[in-house]
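Let's take a look at the charged side chains in this one: who pairs with whom, and where like charges gather.

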Amino acid sequence: MSIDTYKLTSMEEPTDEVLSQLMREAAEEARESNRKATERFFEEIRQAAAAY
């Protein structure tokens with residue numbers, strides 16, 4: 001079983017290695033999403049401040 005072939009809907013439990021990789025990828029996606037949201041937030045704050 002590898003990260004490329006594992007399906008979360010599978011009845012088979014992932015190996016520790018596959019689970020670890022899934023968790024790393026989820027954490028990476030969460031960090032990137034948070035970074036983008038933070039950038040958007042501060043850009044909106046700058047735009048609101050410039051409007052006053």
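## Charges along the helix

E32 is partly exposed, at 32% relative accessibility (buried means under 20% relative accessible area, exposed over 50%, partly exposed in between, with a 1.4 Å probe and protein chains only). Before going on, a word on the model: it is predicted, so local features need pLDDT of at least 70 and side-chain atom pairs count only at pLDDT 80 or more, while totals for chains, interfaces and linings use all residues. Residues are numbered from 1 along each chain as its sequence is written, and side-chain values use heavy atoms, with hydrogens and water left out.

How many salt bridges does a search of the whole structure find? There are three, a salt bridge being a side-chain nitrogen of Lys or Arg within 4 Å of a carboxyl oxygen of Asp or Glu.

| Pair | N to O distance |
|---|---|
| E32 and R35 | 2.5 Å |
| R35 and E39 | 2.4 Å |
| E43 and R46 | 3.2 Å |

Take E32 and R35 to begin with. These two sit three residues apart in helix α1 (residues 16–51), which means about one helical turn separates them. Helices here are DSSP runs (H or I, at least four residues), as are strands (E, at least two), numbered from the N terminus. R35 is partly exposed at 37%.

R35 also pairs with E39.

E43 comes out as partly exposed, at 35% relative accessible area. As for shared partners, salt bridges join E32, R35 and E39 into one network.

What about charges that gather with their own kind? D4, E25, E28 and E29 form a patch of negative charge on the surface. Patch members have over 30% relative accessible area and no salt bridge, with like charges joined within 9 Å. Asp and Glu count as negative, Lys and Arg as positive, and His and the chain ends are not counted. D4 belongs to the segment before α1, and D4 is exposed, at 68% relative accessibility.

Definitions and conventions: Patches are made of residues with over 30% relative accessible area and no salt bridge: like charges are joined within 9 Å, nonpolar side chains (Val, Leu, Ile, Met, Phe, Trp, Tyr) within 5 Å. Accessible areas come from the Shrake-Rupley method with a 1.4 Å probe; for residues, only the protein chains shown count as cover. The place of a charge is taken as NZ of Lys, CZ of Arg, CG of Asp or CD of Glu.
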